[in-house]
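Good morning, everyone. I will go through a few places one by one.

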Amino acid sequence: MNAIVQTAYGDPAQVLIPADLPLPPPGPGQARVRVVSTTVNTPDWLCTRGQPYFLRPMFGLFTPRAPVRGTDFAGVVDALGPGVTEWAVGDEVLGSTGGFPFARTAPGTFRTHTLAPVDRLARKPADLEWDHAAAAVMSGVVALQAFRDVAPVQPGHRVLIVGASGAIGTFAVPLAKSLGAQVTAVCSGANAAWVRELGADSVIDHGTTDWTTLDESWDVILDNVMVASVGAARRRLRPGGVLLPNSVGQSPWWGPLPWLAARATAGQAVRTIEHQPTRAHLDAVVQALVQGRTRCVMDGTWPLSQAGEAVARKASHQGRGSVGLRVAEG
Ligand SMILES: NC(=O)c1ccc[n+]([C@@H]2O[C@H](COP(=O)([O-])OP(=O)(O)OC[C@H]3O[C@@H](n4cnc5c(N)ncnc54)[C@H](OP(=O)(O)O)[C@@H]3O)[C@@H](O)[C@H]2O)c1
């Protein structure tokens with residue numbers, strides 16, 4: 001077995017099965033990477049389940065168009081395509097496969113070797129753990145883009161992070177704190193203590209308190225869950241504040257459509273984060289990790305052969321931090 005392929009939509013344990021795939025040859029401007037660690041992100045469980053249903057045409061109507069899940073990796077450059085001069089075989093890297101992850105030609109990362117365009121690669125420092133490097137590619141970069149570019153956080157800002165104990169939230173809490181913000185985290189009571197240790201000044205337990213009803217307001221609200229409506233969340237913004245709805249949402253049919261529709265008329269107060277794993281963004285998140293301005297928390301790391309369990313864990317919304325898949329030794 002050198003890969004996990006998806007044969008149908010459904011229960012991750014049933015539809016993600018071991019396979020042997022040919023080694024993909026790197027094309028012009030690409031590197032082939034021997035994957036050490038990959039990570040399970042929201043798009044992976046969505047495509048495995050085939051939800052939200054209105055996105056089925058994007059995944060593939062009856063079966064997934066791209067058979068291998070995963071977009072992010074940390075690994076070792078193994079071969080170079082024509083025209084690639086800035087990387088060498090043996091370089092330790094993190095990166096993304098780039099492009100549309102549900103295209104027939106998308107290589108995926110739930111496999112021993114993948115392909116990446118060289119502008120989606122960054123150098124992995126030796127002291128950065130493999131699993132943390134892979135997890136940072138989406139969750140770390142989204143947190144960085146949120147607070148640095150989309151809704152720049154200033155010292156003294158009040159920042160609310162909903163879903164603070166999840167993959168993106170655990171990068172976001174220390175990042176907001178390092179930018180000088182006063183951070184309020186929303187998570188379950190069971191996760192409150194360690195989310196506070198990540199740097200949250202206060203924690204709201206969503207099991208007992210609906211943050212949208214509190215007499216409090218924030219300059220930036222990053223909502224990774226979107227149980228709250230856009231209207232209710234906006235009422236908790238300070239003047240000039242920004243709401244970042246950042247979740248596929250709760251409906252298995254319509255996913256984010258309700259908040260996307262609400263955003264269309266909301267103006268500058270509601271902004272979206274479009275994940276861009278460019279080399280500059282990857283380098284910036286690596287620096288933030290190395291300098292301790294952000295942190296990666298692993299919920300757990302599963303072997304590649306147990307990808308189904310790892311994807312089911314991610315889909316459960318119970319994860320505390322990032323879900324890793326270990327493919328090989330570094
Ligand atoms: N903008 C982009 O390009 C981009 C890229 C990747 C992902 N995303 C989006 O980001 C979202 C978060 O991703 P993630 O990987 O961080 O997810 P995750 O790891 O599954 O985390 C979600 C967290 O939400 C919490 N939660 C569940 N129900 C809640 C509720 N009712 N109120 C408050 N918190 C609740 C859970 O923590 P507790 O157990 O503590 O409640 C869980 O840890 C996804 O929906 C995804 O669509 C966007």
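**A walk through the predicted model**

Let's start with a charged pair. Glu-86 and Arg-279 form a salt bridge, and their closest N and O atoms are 3.4 Å apart. This pair links distant parts of the chain. Glu-86 sits in the loop between β4 (72-80) and β5 (92-96), Arg-279 in helix α9 (residues 279-290). They are 193 residues apart. Keep in mind that this is a predicted model.

Is Glu-86 buried, exposed or partly exposed? Its relative accessibility is 39%, so Glu-86 counts as partly exposed. Arg-279 is partly exposed too, with a relative accessible area of 27%. Here is the general idea. Side chains of opposite charge can pair when their charged atoms come close.

How many salt bridges does a search of the whole structure find? The search finds 11. Let's look at another one. Arg-313 pairs with Asp-299, and the closest N and O atoms are 2.7 Å apart. Again, distant parts of the chain are linked. Arg-313 is in helix α10 (residues 307-315), while Asp-299 is in strand β13 (residues 298-303). The two are 14 residues apart. Now compare their surroundings. Arg-313 is partly exposed at 26% relative accessible area. Asp-299 has 19%, and buried means under 20%, so Asp-299 counts as buried.

Next, helix α4. Find residues 130-150. This helix has 21 residues. From its first C-alpha to its last, α4 reaches 28 Å. That is close to the 30 Å expected at 1.5 Å a residue. Where does α4 bend? The bend is at Ala-136, and it is about 60 degrees. Is α4 mostly covered or mostly open? Mostly covered: 19 of its 21 residues are buried.

The side chains of Asp-149 and Arg-148 meet at 2.8 Å, N to O. Asp-149 is partly exposed, at 37% relative accessibility. Arg-148 is partly exposed as well, at 39%.

Now the domains. The assignment gives two stretches for domain 1, 3-134 and 287-326. Domain 2 covers 152-269. The centres of domain 1 and domain 2, taken over C-alpha atoms, are separated by 27 Å. The contact takes 18 residues from domain 1 and 21 residues from domain 2.

How much area is buried between domain 1 and domain 2? About 1500 Å². Carbon and sulfur atoms give 67% of that area. Please mark three residues on the domain 1 side: Phe-54, Arg-295 and Arg-320. They supply 33% of the area that domain 1 buries against domain 2, more than any other three residues. And how many salt bridges are there between domain 1 and domain 2? The count is 0.

Let's go to the start of the chain. Asn-2 lies in the segment before β1 (3-6). Its relative accessibility is 17%, so Asn-2 counts as buried. What does Asn-2 touch, leaving out residues up to four places away in sequence? The list is Ala-19, Asp-20, Leu-21, Arg-111, Thr-112 and Leu-304. Gln-30 is 28 residues from Asn-2 in sequence, and their C-alpha atoms are 20 Å apart.

For contrast, look at Gly-240. This glycine lies in strand β12 (residues 237-245). Gly-240 counts as exposed, with 80% relative accessibility.

Last topic: the backbone. Which peptide bond here is cis? The bond from Gln-51 to Pro-52, with omega near -10 degrees. You will find Pro-52 in the loop between α2 (42-49) and α3 (56-59).

Then there is Met-226. Met-226 has a positive phi of about 60 degrees, although it is not a glycine. Look for Met-226 in the loop between β11 (218-223) and α7 (230-234). Met-226 is buried, with a relative accessible area of 8%.

His-317 also has a positive phi, near 60 degrees, and is likewise a residue other than glycine. His-317 is in the loop between α10 and β14 (322-326). Is His-317 buried or exposed? Exposed, with a relative accessible area of 61%.

That's my tour. Thank you.

Note on methods: Residues are numbered from 1 along each chain as its sequence is written. This is a predicted model: local features need pLDDT of at least 70, side-chain atom pairs count only at pLDDT 80 or more; totals for chains, interfaces and linings use all residues. Side-chain values use heavy atoms; hydrogens and water are left out. Helices (H or I, at least four residues) and strands (E, at least two) are DSSP runs, numbered from the N terminus. The expected span of a helix is 1.5 Å times one less than its number of residues. The bend at a residue is the angle between axes fitted to the seven residues ending there and the seven starting there. Buried means under 20% relative accessible area, exposed over 50%, partly exposed in between (1.4 Å probe, protein chains only). A salt bridge is a side-chain nitrogen of Lys or Arg within 4 Å of a carboxyl oxygen of Asp or Glu. Contact means heavy atoms within 4.5 Å. Domain bounds come from an automatic or database domain assignment. Buried area is the accessible area (1.4 Å probe) that two parts lose on being put together, summed over both.
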